[in-house]
Amino acid sequence: MAAEEATDRPPTSRPDVSVIVPVYNTLRYLRACLDSLLRQTIGLDRMEIVAVDDGSTDGGGRLLDRLAARHPGTVRVVHQPNSGGPAAPCNRGLDLATGRYVFFLGSDDRLGPEALERLVAAADRYGSDVVLGKVVGVNGRHVFSDVFAAGNAVDVDLFDSALPWSLANTKLFRRDLVDRLGLRFPEDMPVLSDQPFTLAACYHARRISALADYDYYHAVRRLDAGNITYHSRIEQRLVSVERLFAFVAELIPAGARRDAVLRRHVGLELANLVGDDFRRLDRAAQERVHATVRRLVERHVTDGLRNRLDIEARLRLGAVTGGGVDELLAVIDQDTRRGVPDTVVTGGRWHAGYRGAPAAWTDVTDVRADWLARLDAVEVSWVDGQTVTVTARSPYPRFAAEAGPVRLVAGRVAGATRLDARDPTGRTVRTDFPADLLLAASASSGQRHPVRAEVDGDHGRGAAPVRAPRLATGRPRLLRHGARLYGVAATVDPRNGQLVLSVVPVTVGQLVGRLRRRWRGSPPTVPPRPAPVPATPPRSGPGRHVEPAPTPVERLTVTR
């Protein structure tokens, strides 16, 4: 039942914005989330908070009731039995919201103090139906931020921008648009239910604006979400992905505009189903995943869309269409155990030397620069305790001659790259990443810096993630930056095998724990490995896409 509340807002007044917060077992983060709302500079008289407790069992519902009692007229709390997903509480919140705009906030996330005031002002000024505020990751949380790269944009085109990669519902929506379209979250999608809502709003919006001038939304990586895994939610993901593709096909007529949106869904949601974790499923689950992915590729992926996919997604999906589970596993095994395959040149065409994928999918002739940028990390080491050195290798014999200048970049940090003098073939490069630059480029809450290679040679400019097949794990280095300590380590993303340089804050409690383990004679680990983060959105959030937490590594060496 809803918490009883008085009202200190005039009966005829309407709040400018309703913030809908679906809550399920996030007590560890909920107070900071709610505090960020109560401190909004827009003022409590211009906003309302609609918190929907979706059957929490950790005491979060009681915290919400206490807050509603202290802030009558601003905070409304509704309790309901657990629904099994974020869609139902979001819909319940929409039914109760009265603001001119609505905003969805994950109960483990938080807003910058000026976020709502700035968002509402922009929507009013520009007449925007949807406004995106810059999203930043906390605790090393990965977010898609390309849509903000060019700065503030009054008009963002859904089909000619990076917006399809940022379809979480953590945006400001004009309520009149929501009501006119009858928008609601599909409750038959256990995950990804925010995408149809957001996509439909953006498709029909008169204007979409993006604001990059402030850190509006702080997306928090939950360190206690390790129970949500690729394996445990695979059936939910299959159902939801199929329904998502059907929704897009019904919403957008076939053609270039549909392909522009599906490029994200094929390259992310669909390709993730056949990522490195696929090999860990049992055979029956592998067969179900393979059948679903193949059906969706054959039904929705045009030749033009296929050619716009990144190389790895194209190769994985090509293996699905060209063979069975074993052929797909052969491609994954190549990536995860043996590394970048040879280049096969036939009739002037370049093909990636994967077994089991059709020629149309392995043809990399038109993206040779990107193909040349595919390198394997073969060694990661520390120099003088202050520099992380990454050694990477290409299997292509003419790499030095045709790739041109090469550099490795970790996030926004460009390392100093040189040919490795130990390799007379010129196929190996070594890159130094000063730890102080990695620390300076990281938020105080930590940061993940995915490593990519960039080339600029005879075949043009290209870039590709640096994978790290067969690298062992180890401990991070403990370094000071300002007044805080951080663990800096090379890590491997378990979903896609990409090398990542991670910066993780170390607390006093973690140091004390390390000393206690040392006193007890146990091997120390500093900092403790974070709980892995799922490749699918946490159950409690309004729907978002996150990278899994990698495994810390101090020194990794592989000979090939």
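This is a predicted model: local features need pLDDT of at least 70, side-chain atom pairs count only at pLDDT 80 or more; totals for chains, interfaces and linings use all residues.
Me: What makes β3 and β9 the edge strands of the seven-stranded sheet?
Reply: That open sheet has the order β3-β2-β1-β4-β8-β6-β9. β3 (75-80) and β9 (208-211) each pair on one side only. The twist from one strand to the next averages 20°.

Me: How do you know that β2 and β3 pair?
Reply: The cut-off is at least two bridges. β2 (residues 47-54) and β3 pair over six bridges, in the parallel sense. D54 has Q80 in β3 as its bridge partner.

Me: Which strands does helix α1 touch?
Reply: Helix α1 (residues 27-38) packs on the sheet and touches β1 (17-23), β2 and β3. Its direction makes about 175° with that of β1. Helix α2 (residues 60-70) lies across β1, β2 and β3, at about 150° to β3.

Me: Why is helix α6 called largely enclosed?
Reply: Buried means under 20% relative accessible area. Nine of the 11 residues of α6 (residues 194-204) are buried, so the helix is largely enclosed by the rest of the structure. Among them are F197, L199 and C202.

Me: Why is Y203 called partly exposed?
Reply: Its relative accessible area is 22%. Buried needs under 20%, exposed over 50%. The value of 22% lies in between, so Y203 is partly exposed.

Me: Why is the pair of F104 and F185 called edge-to-face?
Reply: Ring centres must lie within 6.5 Å, and planes over 60 degrees apart count as edge-to-face. Here the centres are 5.2 Å apart and the planes stand at 75°, so the pair is edge-to-face. F104 lies in strand β4 (residues 101-104) and F185 in the loop between α5 (175-181) and α6, 81 residues apart. F104 and F185 are buried. Ring pairs link F104, F173, F185 and F197 into a cluster.

Me: What makes F159 and Y203 an edge-to-face pair?
Reply: The rings are 6.2 Å centre to centre, with 85° between the planes. The limits are within 6.5 Å and over 60 degrees.

Notes
Residues are numbered from 1 along each chain as its sequence is written. Side-chain values use heavy atoms; hydrogens and water are left out. Helices (H or I, at least four residues) and strands (E, at least two) are DSSP runs, numbered from the N terminus. Axes are lines fitted to C-alpha atoms, for helices over the stretch in contact, and angles run from 0 to 180 degrees between N-to-C directions. Contact means heavy atoms within 4.5 Å. Buried means under 20% relative accessible area, exposed over 50%, partly exposed in between (1.4 Å probe, protein chains only). Rings of Phe, Tyr and Trp (its six-membered ring) pair if their centres lie within 6.5 Å; planes under 30 degrees apart count as stacked, over 60 as edge-to-face and the rest as tilted.
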